[in-house]
Amino acid sequence: MLGRKGVFVLIATVMFWSSVQCWAEGKGKRDARAVLQEFCMDCHDRSAAEGDFVLPLEASSWNQPDAVKSLELVHTMIEKKIMPPVDMDQPSEADRRVVLDWLDKTLIDNSPLGGTPLRRLSGREYANTVSQIFGLTDYSLPAGFPPDNQQHGFDNQGEALVIAASHLESMADAATQIADQFFPPPRKTVSIKTFDVPAKDLVISYSSACLIDGAMRLASSGTNVNRHATWPTKFEAPVSGRYRIEITASSFDPRNASKPVPALLVEATQMTGDEAKQSSLRIKPGPKQTFEFEIGLDAGATIRMRYANGPFDYEDKAAYTKFLETLLVQEPEIAAAWKKLRSPARGGSGWERLKEVMASKDLDVPPLQPGSDALKQAVKSVSSNAVSSGETLVYKFFEEGPFIAIERLRITGPMAQYQDRDQQRLARKREQFVGELADRFDQAALQRFLAKFLRSTFRRAPTQAEIDRYTKLVQREHQKTGSLDDGLHLAVRTALISPAFLYRSIGPGQLSDHELASRLSYFLTSAPPDETLLKLAESGRLSSSGELEKQTRRLLKNSNTFAEDFTSQWLGLDAVDRLMPDARLIRLFSNDHRQGMRKEVVMTFQHVLDRNQSVTQLIAPDFVFTNEAVGREIYDLPSFKATAKKGKQKTSKAMKQVAVDPEGRVGGLLSMPAIMMATANGVDTQPVLRGVWLLENILGSPPPEPPKAVPALTPDTAGATSPKARLAAHMAEPSCAACHREIDPLGFVLENFDPIGRWRETYPVYTEQDGKSKRADGLPIDATGTLPSGEDLRDVTDLKKYLVAKPTRFAGCLSEKLMTYATGRSLNYRERQIVSGIVVAAGENDLKFADLIVELVDSEVFRTK
Amino acid sequence: MKPDRKNRRFLLKSGGLTLTLPALQSAPSAMAGEVGKATGHESSEGTAKRLICVGSNLGLYRQAFYPKQTGHQYETTTLLKPLEQHRKDFTVFSGFDHRAANGHRNWDNYLCGQRVGDVTLDQIAAETIGTSTRFESLQLCAGGIPSIQRMVYTRGGVPLPMINRPSVVYRKLFATADDRERSEYLLKSGRSALDLVQEDAKQLARAVGKDDKQKLSEYFTSLRELEQRMSRQLNHLADETVEVDYELPAYDPVAPTLMLECEQIMFDLMALALQTDATRVATLFIAGLGQVFTIDGQTVRAGYHALSHHGNDADLIRDLVRVETEHMRCLARFISQLKEKTDADGQPLLDTTVVMFGTGMGDASRHSNRDLPTIVAGGGLKHGQHLAADPKDARGQQLGDVFVSILKQLGSPVDSFSETKRGIDAWS
């Protein structure tokens, strides 16, 4: 650290030296540092350090990492004209150019290539790695495994992937669980027991069931087990095994005693094994019947029961509507009472209230004709909140039928036979893992086993010293406990917390063949190198350009993890799973919507990649992938309207490719509902967020971090002031304007998309009436905007056109994101210039996506630690 | 320095249950010199040494909870009635919150303050009071573990997992002989694993450049800390023979319908954990799904979650308050237990234990996280009042001020929370 005196001397030196330079160069071209001195140092010398920023002008420091970072920031600020602030003296264009040229040269001369820190496996990579090494195909991280920090939107950045004692502890616990799968601790023998379950010991979750006359009645059907199933509250299988089930039940149907025969579906709550774990019982109306059968249950599982063909399912919108149309024609008093109460309370109390009103003599009950508007109205008012009305109406069926009544259960087990089979299965698993060690145990066999195991764990051949260490560990434990399995169990636990397993990106400078194999493999498959890559690395052939290209293309072809993992992080799509849109926007936002939205992004990306099409196809394709829920309710595509008219009952979950106009507003990243949703908050849109998102993820020109002191402005769209007027406040404040000049006009271009990605022409205005909210059209959307480079845009289609016309802009941004994700570091100035060079060259070749990735992988940036 | 615990077992009964356990240390050894002088009911700053935070997912129906009057002379309310016997030992807070943004994930603000992911109150406290016990802190949950809400975050922003099976908590606290043998084996053999990977790391250190030395030292540090944690647990396993006679039901009450039963047991287990000094910091999350409860033999006519979206319907509110009354009964019984159970000095545990019951949900019917109903008991604080704040007043008192006072009472050096540092005057 410099003392106060030192700082003074330094500044004085710099000032003196700068003026000498200035003088030496005469009146012609000015020296860059003289310009910086004149316009910047009043605020950014060491003594003022405005905004905590000191501009490093001393040549001695330019190769220091901190100074390089500072100069990069200076470059951004001057290029974007954020600095000097508008209310200060401004340098001429020529002066700016001089400074930028100088910064360009200084940065390229002083930025080293590479520099990814030692990189710990992220949780996602850890799970995939374990799954591959041990062949545990459905392995997932144990609950409570610490989540990773994100940086630049990615979960795999070396700097952010810290390790603390609690990480290591979780990893040690996870490792023990993995080792237990191959070398399980001795199991206690469990004697066969009988569990009697009276009806009152069955679960009532939401309004799924009702205890009447000592039996548990079920009346609704549907797949959501929390709303339609019941299960024992006090029984869980103590160990995995087969259990004998006895169920005593009856059914009742007031209308038709023969069909359909009520079916009680009985199933295991955890369906992990390979055995059939369910049974469907036909419960004929009439007296109690007892059924006996066996079922496989994993430890901790229980059985749950559902009425598979019950009278109604309020979670299937089409089916519920149809059901209500019949019900309300037959029993118009329900509709009348519903209308009178407006909306009865949810659940049994609501049903009691309805019954009271229906019983009163002065209730006016107009008949409802099939197909009439009155019926439609009545159905609509009951079904508008399907879950709430369903939970109320189900009580009618609990009382009147059809219902299934479960009287009691008896569960006996575990049956011995299954236990034996389970033991055999575990023994086979162990045998496969230990290989020849199963039959013969000697030092050489143990060494061979460990060499093989450590090679897959460390992603390289282990050194002899490593093999010896682990051999000794196993032998010592074997001697201590008398069990070889204890030694092998310990070796697995040890290797999985070794830094050789947990870290990659090892060794300075150019990556070794092994490190290259890991980088390539985790980049494109999120998993460790496979046998082919390991062999190539061992023979030193992987690093040749030809082989690297071949392997890149091979991995791209075999994996869809890349499209899924990369797009999810690049575009921040996790938000789609987290957000629950405001019910005023969409009444029933279902899993189909979420799935359809997310799959669209992945499938589009994969489609362009598989066919090696131009990356501009991601912006303006002539197709969209979508499912029925999104196609009809979000995109409002004509082809889905047709299917709706045919009166199909179930919405199809399948994704379909639908042709669209590439110059229209539908199609491509800039109109995808997943992205529109992820860049809003589920309630309203924030042009600032979307503007930043565009700059950061599409245009590759991220604004610098916002100053800490300023609170975010959230536009209030309900009042008279338009969001644009609101955001104009940003422009009035010079310190805001510097950045928001770029951000806001871009953000507005996406304003036509509401928070779930539907097209809109006006802002909604909501009013509350009788406790229900009504939507009306408010101010019209003004989606005009301006690009940082000055082009005016009318709406999103203009932005698409611009990006297609200037394809290297988007391709450059995408390439930087790819490289950040691949290398686990943010690229420095020089590396960005290299990537930009690759993109320009690829522009000659139509920016074909797969080819571009091959070139990026073959670059020094990718090949350097 | 260890007190002679092995031979000093005694038997005590609690609610018909008996347990044998070692004597408590009278004060955390690390702090014994400075703040080990608990002196009964007088408010004596910095004397509390335990913290329990309970969080209800759906909050409490405020109209049935808040007294109309402030100060000492308030008239009790429906929800406070079960706690009436402890009136002098708790403070009711109305209008306190964190001024945090509203949103779907913002229940977590309860113990985090303004920003979800900031270190939670209990974890700050654990840095001071949790260092000498077997477990720094415990995270429990009654009902299904939620997929969205998290109650506890570490300094690193890592949400800690919760346990919702009483049998698992019980085994963790009072391992049976079989389990203990296995844990002991894993801990002991685990030490040789740590020794070996240290060699692996040294080998790696020779291969990496200067820049990565720093990154690798993170690993070495973690290794050392993990080793300490493991020895701590091993020591406790070896020299404490805790035999608790608390009888758990034969099944784990994890079925949604049995949540209230689970809640009761979790409270009991927390009391036992404090009494045996297994930990001094614990949190309990009370889930809020669609469970249909049976209370006093009567089945409620709608699920808990549906009740919370009452839309001001009188029937739903009546049933909602019945469920919430059960929470208050559990709390009252817990406070009673902490009065009966004593530390090694014969002082009631409650005198040195701060118990907070609160929520991140002010109004579940509207998903609002403003104005969070909160109650704080015990810990040697001056109780007996209803304190009100104005949630609309930007500069008014905040929940963070309550937390600041709690931290002070626990002897924590941290003197601010979520940008507030005023504390509660009525307590000082």
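Colleague: Which residues of H20(A) are buried?
Modeller: This is a predicted model, to start with. In H20(A), the buried residues are A:Leu548, A:Gln551, A:Thr552, A:Leu555 and A:Leu556.

Colleague: Where do they sit, seen down the axis of the helix?
Modeller: They fall within an arc of 135 degrees, so they line one face of H20(A). In general, an α-helix has 3.6 residues a turn, so residues three or four places apart point the same way.

Colleague: And which residues are exposed on the other side of H20(A)?
Modeller: A:Gly546, A:Lys557 and A:Asn558.

Colleague: What covers the buried residues?
Modeller: The cover includes helices H18, H19, H23 and H33 of chain A.

Colleague: New topic. What is the strand order in the open sheet of chain A?
Modeller: E5-E10-E7-E8, with antiparallel pairing. E5 and E8 of chain A stand at the edges. Each has a single partner strand, so one side of each is left without a neighbour in the sheet.

Colleague: How many bridges join E7 to E10 in chain A?
Modeller: 5 bridges, and the two strands run antiparallel. A:Leu264 stands opposite A:Tyr307 in E10(A).

Colleague: Now the contact between the chains. How many residues does each chain give?
Modeller: Chain B gives 49 residues and chain A gives 51 residues.

Colleague: Which helix supplies the largest share of chain B's side?
Modeller: H6(B), with 13 residues.

Colleague: How does that side divide into nonpolar, polar and charged?
Modeller: On chain B's side, 22 residues are nonpolar, 14 polar and 13 charged.

Technical notes:
Residues are numbered from 1 along each chain as its sequence is written. Chains are lettered from A and ligands numbered from 1 in the order in which they are written. This is a predicted model: local features need pLDDT of at least 70, side-chain atom pairs count only at pLDDT 80 or more; totals for chains, interfaces and linings use all residues. Two residues are in contact if their C-beta atoms, placed from the backbone, lie within 7 Å. Helices (H or I, at least four residues) and strands (E, at least two) are DSSP runs, numbered from the N terminus. Ala, Val, Leu, Ile, Met, Phe, Trp, Tyr, Cys and Pro count as nonpolar, Asp, Glu, Lys and Arg as charged, and the others, Gly among them, as polar. A residue is buried if 20 or more other C-beta atoms lie within 10 Å of its own, exposed if 12 or fewer, and partly exposed in between; C-beta atoms are placed from the backbone. The arc is that of the directions from the helix axis to the C-beta atoms. Two strands pair if DSSP finds at least two bridges between them.
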